[in-house]
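Take a look at the model first, then read on.

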Amino acid sequence: MKKRKKYVGLEKRKAKAGYAFISPFIIGFALFMVKPLFQSLYMSFCEVELGAGNFNPVFQGLVNYRNAFLVDPEYNRLLTEEITRMMIYSAAIIVFSFFVALILNQEFKGRALVRAIFFLPVILSSGVIVGLESNNQLMANLAATIEQTTENISITQALEEILRTSGVGTRAFETVFEIINNIYDVAISSGIQIIIFLSGLQTISSSMYEAAQIEGCTRWESLWKITFPMISSLFLVNWIYTVVDFSMRSDNAVIEKIQKVMISQMKYGPASAMSWVYFLLILAFIGVTSFIISRRVYYYD
């Protein structure tokens, strides 16, 4: 009984430390985000009349939502395309970051340099990398130079043409080759996930692998029986982070559509309705996938 009380007390202290850690975000959200959030929700049911330095929302029910789904010629298509792309690329980022973390967790010469290469985009994401992505003249010149030196030969393109003409799994192969051709985007979006996976891998005691090896387990069996269960909770964390991060990317077609309606057309009501539909769909997707993943998560003390 005494041991149980001690364990409960330790859990309470951990919970208090966790709440203290996230308290700045909670306070900031309550002070600066709650009011605009409800204003946006209300505007989604209104026609916003703009005046000199102010705006007047006129309630009109579900008109904006109906127009978004039934009148706008692009919104439904963009939603479908972006959510599908988010699912594919999020899965690719998780797989890529996990296997990179496995590699970086090994002992080899130059490991610190390789880790720095993968982590630098995260450190510089607010500066140099963003500048390169917003002004792609350097990258375009580099791509043109590579294309000229290889005489327009693309191994992935040639292999894609062969598989396409064979008629075997055309759509699946197109998706795979699209991810391969955009491996830069996958790698640049995997920095945080690699760090999280690597931190989890480093908490696994080497004695567990040694005991498994003595019992005759292969490395492949150790991967599935030890590594995956021990860091399974991090897959859920990384999945939620990846989906949220990908849904807020600057090249998101749905975000661009919402910005166009709000800024160019000055239609705050329809833009708010589109934003809330997109937000609720992403929230539902995260809820369903998190529930499915959590059923396979192994928690240990």
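## Overall make-up

The chain holds 16 helices and 2 strands, where helices (H or I, at least four residues) and strands (E, at least two) are DSSP runs numbered from the N terminus. This is a predicted model, so local features need pLDDT of at least 70 and side-chain atom pairs pLDDT 80 or more, while totals for chains, interfaces and linings use all residues. Residues are numbered from 1 along each chain as its sequence is written, and side-chain values use heavy atoms, with hydrogens and water left out.

Of the 301 residues, 28% are buried (under 20% relative accessible area; exposed is over 50%, partly exposed in between; 1.4 Å probe, protein chains only).

Val 243 touches Met 86, Ser 90, Ile 282, Phe 285 and Ile 286, leaving aside residues up to four places away in sequence; contact means heavy atoms within 4.5 Å.

What about Tyr 19: is this residue buried or exposed? Tyr 19 sits in helix α1 and is exposed, with a relative accessible area of 58%.

| Helix | Residues |
|---|---|
| α1 | 2-32 |
| α2 | 34-43 |
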